[in-house]
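Here is a walk through a handful of spots in this protein. Have a look at the chain first, and then we'll go place by place.

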Amino acid sequence: MGADTAAAPLAALAADRVDHRFKGLPPDAEGLTVGELAAQRRNLFTDGFTTPVLALSAERLTHNLALMETYAARHGLAFAPHGKTSMAPQLFWQQIEHGAWGITLAVPHQVRVARRFGIDRIFLANELVDAAALRWIAAELAADADFRLICYVDSVRGVELMDAALRGTPRPLDVVVELAAGDGARTGVRTEAECAAVADAVAATKTLRLVGVAGYEGEVPRADPERVHAWLHRLTALAAEFDKAGRFTGLEEIVVSAGGSAWFDAVADVFAEIPELSLPVVKLLRSGAYVSHDDGHYRKLTPFTRIPEEGALHPAFRLWSQVVSRPSPEQAFSNAGKRDAAYDLDLPEAQAVRRAGAERPATGITVTGLSDQHAWLRTAPEADLRVGDWLGMGLSHPCTSFDKWQLIPLVEEDGTVVDYVRTFF
């Protein structure tokens with residue numbers, strides 16, 4: 001597969017028809033293809049879009065893609081951004097065009113989406129014990145010599161289930177032992193001795209091939225720079241210990257992987273210190289939220305606040321809603337709620353008001369809650385807000401912003417919609 005194979009399914013996205021499935025799009029665009037609508041270069045604010053509508057900034061998206069490409073290259077990191085953030089094959093390919101080694105995913109459905117759109121390298125950041133999914137992946141590996149998938153293992157029992165499902169398949173499945181981030185953390189093997197036992201179980205099969213170690217530092221309990229660095233040193237030491245024991249004999253490279261969106265600077269620091277091993281090391285970073293960044297959780301946590309000399313990510317989402325009720329001077333309601341906005345980490349942030357073609361800051365306006373289809377707004381005396389105004393809100397947590405929208409307008413700074421991003425959740 002690859003870019004050539006991806007061309008047809010990507011073209012099919014542009015050939016899909018605009019209809020009731022897609023929120024916020026102009027009603028008079030019904031029946032046009034997505035490509036035809038994009039070619040019209042309509043304006044988000046004046047050419048028939050309805051509220052609520054989520055906009056993805058074209059300029060900020062491009063900036064974020066380029067920034068992480070530069071960051072990974074500067075620090076000698078291979079990059080497999082986590083695709084579960086967007087589940088948008090168009091963005092997967094833009095990430096690959098900006099230097100990504102491949103795409104990280106979490107569950108079998110996501111792998112099927114990526115394969116449908118020609119992704120050849122997939123890092124599955126989860127132990128996969130679903131027999132039906134394993135058999136499908138084995139068939140993909142058998143049918144396509146260019147396809148590579150690397151999967152977590154974190155238990156002897158998991159290895160046994162994987163082996164049972166994969167027996168008789170011609171290509172072994174590449175796996176990495178997942179080191180847990182600490183006691184009480186999420187998944188992963190808790191101790192180095194248990195890691196060795198899992199590695200021994202892999203070595204006893206013909207269906208699995210151990211290619212490295214991995215984990216997720218974002219789950220380090222009470223995470224701070226010292227604790228995160230200490231856990232990352234455990235991970236790299238585990239790789240060196242496995243290498244010394246001859247566990248990677250016969251490979252071309254060793255994979256060492258970590259990296260969410262909050263501590264990738266620590267990953268870069270520690271991975272730069274990996275001692276020389278018997279084989280080249282693929283230092284695989286998996287941060288995903290950067291693609292759109294946000295106006296809440298990751299704005300506060302991004303490592304670029306600690307390393308400003310490396311640049312800055314830009315929040316690329318803005319959710320536009322319309323004020324539908326102004327029952328008192330202290331309160332208003334707009335028509336976007338939990339069905340439209342991420343709310344699992346932080347509430348949306350009121351940022352801009354549009355009226356009669358003019359845009360200004362949302363001074364004195366605070367989002368205090370969300371119902372299914374309404375945002376609750378507290379309005380201070382200085383707030384100038386009327387029924388009918390458009391309210392632009394910044395969102396927190398990219399992963400639960402993308403998943404509420406099947407087709408997202410890609411919008412230039414002047415409001416021109418230049419494309420539409422399709423998601424598959």
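A word on burial before anything else: buried means under 20% relative accessible area, exposed means over 50%, and partly exposed is what falls in between (1.4 Å probe, protein chains only). This is a predicted model, in which local features need pLDDT of at least 70 and side-chain atom pairs count only at pLDDT 80 or more, while totals for chains, interfaces and linings use all residues. Residues are numbered from 1 along each chain as its sequence is written, and side-chain values use heavy atoms, with hydrogens and water left out.

Let's start with Asp 200, which sits in helix α8 (residues 192-203). Helices (H or I, at least four residues) and strands (E, at least two) are DSSP runs, numbered from the N terminus. Asp 200 counts as partly exposed because its relative accessibility is 43%. Its side chain makes a polar contact with the side chain of Arg 247, at 2.8 Å. A polar contact here is a pair of N or O atoms within 3.5 Å; within protein, one must be able to donate a hydrogen and the other to accept it, and residues adjacent in sequence count only if both atoms are side-chain atoms. For a sense of scale, Asp 200 and Gln 331 are 131 residues apart in sequence and 63 Å apart in space, C-alpha to C-alpha.

Now for Asp 295, in the loop between β9 (281-285) and α11 (297-301). Is Asp 295 buried or exposed? It is buried, because its relative accessible area is 11%. The side chain of Asp 295 has a polar contact of its own, with the side chain of Gln 351 at 3.2 Å. Setting aside neighbours within four places in sequence, Asp 295 is in contact (heavy atoms within 4.5 Å) with Pro 315, Phe 317, Glu 349, Gln 351, Gly 394 and Leu 395.

**A buried glycine**

Gly 369 belongs to strand β14 (residues 365-370) and is buried, at 15% relative accessible area. Not counting residues up to four places away in sequence, Gly 369 touches Leu 347, His 374, Ala 375 and Trp 376. Pro 348 is 21 residues from Gly 369 in sequence and 8.8 Å from it in space, C-alpha to C-alpha.

**Helices against helices**

Two packed helices are described by the angle between their axes and the distance between the axes. Axes are lines fitted to C-alpha atoms, for helices over the stretch in contact, and angles run from 0 to 180 degrees between N-to-C directions.

Helix α9 (residues 225-244) and helix α10 (residues 264-271) have axes that come within 10 Å and cross at roughly 45 degrees. That makes α9 oblique to α10, since angles under 35 degrees count as roughly parallel, over 145 as roughly antiparallel, 65 to 115 as roughly perpendicular and the rest as oblique. On the α9 side, the contact includes Val 228, Leu 232 and Leu 235; on the α10 side, it includes Ala 266, Val 270 and Phe 271. By class, its residues divide into 7 nonpolar, 3 polar and 1 charged. Ala, Val, Leu, Ile, Met, Phe, Trp, Tyr, Cys and Pro count as nonpolar, Asp, Glu, Lys and Arg as charged, and the others, Gly among them, as polar.

Over at α4 (residues 89-97), the buried residues are Pro 89, Gln 90, Leu 91, Phe 92, Trp 93 and Gln 95. Their cover includes α1 (3-15), α3 (58-74) and β18 (417-422). α1 and α4 pack at about 145 degrees, with their axes 11 Å apart. In that packing, Ala 3, Ala 6, Leu 10 and Leu 13 of α1 meet Pro 89, Gln 90 and Trp 93 of α4. The tally for this contact is 6 nonpolar, 1 polar and no charged residues.

Most residues other than glycine have a negative phi, and most peptide bonds are trans.

| Residue | Phi | Relative accessible area |
|---|---|---|
| Ala 356 | about 55 degrees | 86%, exposed |
| His 397 | near 85 degrees | 13%, buried |

Ala 356 lies in the loop between β12 (349-355) and β13 (358-361), and His 397 in the loop between β16 (390-394) and α12. Which peptide bond is cis? The one from Thr 51 to Pro 52, with omega near -5 degrees. Pro 52 is in the loop between α2 (34-39) and β1 (53-57).
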